[in-house]
Amino acid sequence: MIVEEDIEGKIYGPVGECIYCGSNGGIDDLRSEHIIPFSLGGNAELLKASCRACEGITSYLDGYLARSIYYNLRVHTGTQSRNKYPDLLPTEVEMPDGKKTLHLPTDDHPFFLNMPVWGYPGIMRGFQPSPDFGDAKAHVYWHVPDNMRQTLGLPDGELAVINDTSRRINLTTFGRALAKIGYCHAVAKYGLRGFRRLVLPDLILGKYPNVPYFVGGDNHCLPPPPTPRGKLHELQFQDINYLSLRLLVIAFRIFSHSGTKEHGMPIYRVVVGAPAIQRASSKAQP
């Protein structure tokens, strides 16, 4: 069963305990947890859902997506941010007279977006748990303004190379950040006790190493076209039977309205757990 839902902007809870470690928060109390990071346009929240220690870890994961993956896209699209975006952005260009780093206004700034993809979660493919991401690839998106030649002062017939200076992506950190998004969606929909969470909390906290066993995508097919402009993120809840296993899967696209005309952002899948065990009860006989 596949159900598409829009929970953006909704407030859930209060949960009343840390959804990662089970703590009551102690003297620091519990904090709200954004389901999709605020810095990626997310406004849905789980109230009283994270202790101070776990919030420090998940905030790092949210920040990794915001700074190391989506930063240029966020600036160019004006995505909400708690910090002011810079007026100028760097770009590295190889000109006929040598390599230069230019600082350009957003409208004149070319940029690249590298989105890593690897296979479906290992548990869905009958694999043994492993930290190996296998044949991971990347979909590369880029934007070059129409006035780039004028910006660089290139005469006709002269060429320049715009270098992709994106940081090398840490797949484990990226996968944990995706797992956090999927897990928070599951808690919002099913409740903390409404599904079997397996090892997802430990995976998110960095205590379980086999990230691609529960997190993946599709590295064999190109992503489908973007969603309409008014839809920032795309989300599906999936209750599936696969290889004799019944699994709860969250499939989602961040910035689903972005990409090229033919291909939008990749779809990622997080196996967030399994349905809760239904315990039979019977009336006691006298």
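Here is a friendly conversation about the predicted model shown above.

Visitor: What should I know about the model before we start, and from which number are residues counted along each chain?

Guide: This is a predicted model, in which local features need pLDDT of at least 70, side-chain atom pairs count only at pLDDT 80 or more, and totals for chains, interfaces and linings use all residues. Side-chain values use heavy atoms, with hydrogens and water left out, and residues along each chain, as its sequence is written, are numbered from 1.

Visitor: How many helices and strands does the protein have?

Guide: Helices (H or I, at least four residues) and strands (E, at least two) are DSSP runs, numbered from the N terminus. By that rule the protein has 14 strands, and its helices number five.

Visitor: What share of the residues is buried?

Guide: Buried means under 20% relative accessible area, exposed means over 50%, and partly exposed is in between (1.4 Å probe, protein chains only). Of the 286 residues in the protein, the buried share is 46%.

Visitor: Where is histidine 263, and is it buried, partly exposed or exposed?

Guide: Histidine 263 sits in the loop between strand 13 (245-253) and strand 14 (268-275). Its relative accessibility is 26%, so histidine 263 counts as partly exposed.

Visitor: Which backbone oxygen does the side chain of histidine 263 reach?

Guide: Contact means heavy atoms within 4.5 Å. Leaving out residues up to four places away in sequence, histidine 263 touches Tyr141, Leu222, Pro223, Pro224, Pro225 and Pro226. At 2.9 Å, the side chain of histidine 263 reaches the backbone oxygen of proline 223.

Visitor: Which backbone nitrogen lies 3.4 Å from a polar atom of the side chain of threonine 227?

Guide: Threonine 227 is in the loop between strand 11 (215-216) and strand 12 (234-242), and it counts as buried because its relative accessibility is 10%. A polar contact is a pair of N or O atoms within 3.5 Å; within protein, one must be able to donate a hydrogen and the other to accept it, and residues adjacent in sequence count only if both atoms are side-chain atoms. The side chain of threonine 227 reaches the backbone oxygen of lysine 231 at 3.3 Å. The backbone nitrogen you asked about belongs to histidine 257.

Visitor: How many aromatic pairs does a search of the whole structure find?

Guide: A pair of aromatic rings is described by the distance of the centres and the angle of the planes. Rings of Phe, Tyr and Trp (its six-membered ring) pair if their centres lie within 6.5 Å; planes under 30 degrees apart count as stacked, over 60 as edge-to-face and the rest as tilted. Searching the whole structure gives a total of 12 aromatic pairs.

Visitor: Why is the pair of tryptophan 118 and phenylalanine 174 given its name, and what is that name?

Guide: The ring centres of tryptophan 118 and phenylalanine 174 are 6.2 Å apart and their planes are at 75°. This pair links distant parts of the chain, with tryptophan 118 in the loop between strand 7 (111-117) and strand 8, and phenylalanine 174 in helix 4 (residues 171-190). Both tryptophan 118 and phenylalanine 174 are buried. Because of the angle between the planes, the pair is edge-to-face.

Visitor: What kind of pair do tryptophan 118 and tyrosine 268 make?

Guide: Tryptophan 118 lies in the loop between strand 7 and strand 8 and tyrosine 268 in strand 14, so this pair ties together parts that are 150 residues apart in sequence. Tyrosine 268 is buried, with a relative accessible area of 1%. The ring centres are 6.3 Å apart and the planes are at 40°, so the pair is tilted.

Visitor: How many salt bridges does a search of the whole structure find?

Guide: Side chains of opposite charge can pair when their charged atoms come close. A salt bridge is a side-chain nitrogen of Lys or Arg within 4 Å of a carboxyl oxygen of Asp or Glu. One of them joins the side chains of aspartate 29 and lysine 48 (2.9 Å, N to O). Across the whole structure, the number of salt bridges found is nine.
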